[in-house]
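Hi there,

Here is the structure I promised to pass on to you. Have a look at it first, and then read my notes below.

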Amino acid sequence: MDNILTFSLTVFMGFFAIMNPIANTPIFLGLVEGKDKEQKKKIAKTGTITAFIIVVSFILAGKYIFELFGITIPAFKITGGILIFYVGFEMLMSKKSKIHSTEDKEDDSSVGISPLAIPILAGPGTIVTGMNFVTDASYTHIGVVIGVFGLMIFLTYVAFVLSDVIVKKVGQNLISVIGKLMGLILAIIGTGMIVEGIKLSFNL
């Protein structure tokens, strides 16, 4: 029992470090800028559910998925890094990309899927973290990993839904500044993923 509890705490800290719900809230606010409350809630729901499905799929069958499509971890990291860098650059420059400026409600789901679900929530770091925890693990440990990740997804959803409250408490100007800082951080994270992918590719 103690072993399961320790493992659960380790998994929780691992996922929390990768996808901190509080740190991701300003990023979410930047992506849903100009959307009404219902649209934000819909995007948050789509993003978190999609991220859960993606990561759990890789937890259960990641090795086979990679082999089936011939995907390598380095290639996944480089591609994910490029996507994250692009999103961060857009936020940092305050540019109105299609992600931010479209008024088509049908686009709400696409924003929730990309870039929110992947690569921001279910990025290479999150997927690899989940896969690492279930390497040679028992069914009990696999269930713990999925359960803990589900808890993290729920906390992320709550943080996103309460983003309007956070804006009122903190203030729009400060949120704007935080958004730019998060954009810079995202760009740096993206660059780091690209560098790590290149290093893995050439065994540097």
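Let's begin with His141, which sits in helix H8 (residues 139-161); helices here are DSSP runs of H or I with at least four residues, and strands are E runs of at least two, numbered from the N terminus. Before going further, please note that this is a predicted model, where local features need pLDDT of at least 70, side-chain atom pairs count only at pLDDT 80 or more, and totals for chains, interfaces and linings use all residues. Residues are numbered from 1 along each chain as its sequence is written, and side-chain values use heavy atoms, with hydrogens and water left out.

Is His141 buried or exposed? Its relative accessibility is 18%, so His141 counts as buried (buried is under 20% relative accessible area, exposed is over 50%, and partly exposed is in between, using a 1.4 Å probe and protein chains only). The side chains of His141 and Ser138 make a polar contact at 2.7 Å. That term means a pair of N or O atoms within 3.5 Å; within protein, one must be able to donate a hydrogen and the other to accept it, and residues adjacent in sequence count only if both atoms are side-chain atoms. Leaving aside residues up to four places away in sequence, His141 touches Asn3, Ile4 and Phe7 (contact means heavy atoms within 4.5 Å).

Thr50 belongs to helix H3 (residues 37-69). Thr50 counts as buried because its relative accessibility is 18%. A polar atom of the Thr50 side chain lies 2.6 Å from the backbone oxygen of Thr46. Beyond residues up to four places away in sequence, Thr50 touches Ile113 and Ala117.

Helix H2 (residues 21-31) is mostly covered, with nine of its eleven residues buried. Among them are Pro21, Asn24, Phe28 and Leu31.

Now for a pair of helices. The axes of H4 (residues 73-93) and H7 (residues 124-133) come within 9 Å and cross at roughly 150°, so H4 is roughly antiparallel to H7 (angles over 145 degrees count as roughly antiparallel, under 35 as roughly parallel, 65 to 115 as roughly perpendicular and the rest as oblique). Ile73, Phe76, Lys77 and Gly80 of H4 make the contact with Pro124, Ile127 and Val128 of H7.

Finally, an unreviewed UniProt entry lists several residue ranges as "transmembrane region", including 6-31 and 110-133. Residues 6-31 are 92% helix and 0% strand, with end C-alpha atoms 36 Å apart.

Enjoy exploring!

Technical notes: Axes fitted to C-alpha atoms, helices over the stretch in contact; angles between N-to-C directions. UniProt positions renumbered as here; feature names shortened; annotations may be inferred.
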